[in-house]
Amino acid sequence: MHNLLGVIGWSGSGKTTLLETLVGQLAADGLRINVVKHSHHDVMLEPPHKDSARLRTAGAAQVMIASPFRVAIIRELRGAPEPTLAEQLARLDPADLTLVEGYKWEAIPKLEVQRPSLGHPPLYPNDPHIVAVASDAPPPDDLPDNVAWLDLNAPATVLAWLKARINSAPA
């Protein structure tokens, strides 16, 4: 699963800021990058008075908004269970890398963004799927051998680690 990487961490740790940098650099290098962003909140994608929202509110199961600039499909669950990550990933076009922000509980390779100053415990000791930690603190003495420790304040080191990971993916 070298073409899939979860990015997890406590709120305020800098996940989105790091992802923004990584996605920007990888896309600038010509790679196709997909991102899945999980939210626990109701997501409002268009103002309530717009035609697409009015049609969705009227009862449409799905509304596609299409323009020369982007396409979005809004699917109302209307009480149905939230689709699994696997179901969400199946809806995406192929990419060189898909980054997943959230879905902490999934059994996928993950990069933990960790800032001890927030006062939260690290997640990597209890999650065998965490393959790397990007932190603004030095590595602990008891860091497992299979977990890379990356400098969160030097995003280029995180980017280099991620590029090496992408390049080592089986063809």
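This is a predicted model: local features need pLDDT of at least 70, side-chain atom pairs count only at pLDDT 80 or more; totals for chains, interfaces and linings use all residues.
Reader: At what N to O distance do the side chains of Lys110 and Asp127 meet?
Author: Lys110 lies in strand β6 (residues 110-114), and Asp127 in the loop between β6 and β7 (130-135). Helices (H or I, at least four residues) and strands (E, at least two) are DSSP runs, numbered from the N terminus. The pair therefore ties together parts that are 17 residues apart in sequence. Their side chains form a salt bridge, N to O, at 2.6 Å.

Reader: Are Lys110 and Asp127 buried or exposed?
Author: Buried means under 20% relative accessible area, exposed over 50%, and partly exposed in between (1.4 Å probe, protein chains only). Lys110 has 1% relative accessibility. Asp127 has 12%. So by that cut-off, Lys110 is buried, and Asp127 is also buried.

Reader: How many salt bridges does a search of the whole structure find?
Author: The Lys110 and Asp127 pair is a salt bridge. Arg56 and Glu76 form one, and so do Asp29 and Lys163. The search of the whole structure finds 7.

Reader: How many residues apart are Asp29 and Lys163?
Author: The closest N and O atoms of this salt bridge are 2.6 Å apart. Asp29 sits in the loop between α1 (15-28) and β2 (33-37), and Lys163 in helix α4 (residues 155-167). Asp29 is partly exposed at 43%, and Lys163 is partly exposed at 29%. The pair links distant parts of the chain, with a separation in residues of 134.

Reader: Arg56 and Glu76 also meet in a salt bridge. What is the relative accessibility of Arg56?
Author: The N to O distance of this pair is 2.9 Å. Arg56 is in helix α2 (residues 51-58), and Glu76 is in the loop between β4 (71-75) and α3 (85-90), 20 residues apart. Glu76 is partly exposed, with a relative accessible area of 26%. Arg56 counts as buried, at 13%.

Reader: Which backbone nitrogen does the side chain of Ser135 reach?
Author: Ser135 is found in strand β7 and is buried, with a relative accessible area of 1%. A polar contact is a pair of N or O atoms within 3.5 Å; within protein, one must be able to donate a hydrogen and the other to accept it, and residues adjacent in sequence count only if both atoms are side-chain atoms. The Ser135 side chain reaches the backbone oxygen of Gln114 at 3.0 Å. At 3.1 Å, the side chain of Ser135 also reaches the backbone nitrogen of Ala137.

Reader: How far apart in space are Trp10 and Pro122?
Author: Trp10 is in the loop between β1 (4-8) and α1, partly exposed at 28%. Contact means heavy atoms within 4.5 Å. Trp10 touches residues including Val113, His120, Pro121 and Leu123. Trp10 and Pro122 are 112 residues apart in sequence, yet C-alpha to C-alpha they are separated by 8.9 Å.

Reader: What phi does Tyr103 have?
Author: Tyr103 is found in the loop between β5 (97-101) and β6. Tyr103 is buried, with a relative accessible area of 5%. Another non-glycine residue with a positive value is Arg78, with phi near 45°, in the loop between β4 and α3. For Tyr103, phi is positive, at about 50°.

Reader: What pattern does the protein follow along the sequence?
Author: The secondary structure comes to 4 helices and 8 strands. The C-alpha trace spans about 60 × 35 × 25 Å along its principal axes. Read along the sequence, the pattern is β-α-β-α-β-β-α-β-β-β-β-α.

Reader: What share of the contacts with a separation of 6 or more comes from residues 24 or more positions apart?
Author: The protein has 171 residues, of which 33% count as buried. Among contacts with a separation of 6 or more, the share from residues 24 or more positions apart is 53%.

How values were computed
Residues are numbered from 1 along each chain as its sequence is written. Side-chain values use heavy atoms; hydrogens and water are left out. A salt bridge is a side-chain nitrogen of Lys or Arg within 4 Å of a carboxyl oxygen of Asp or Glu. Lists of a residue's contacts leave out its neighbours within four places in sequence.
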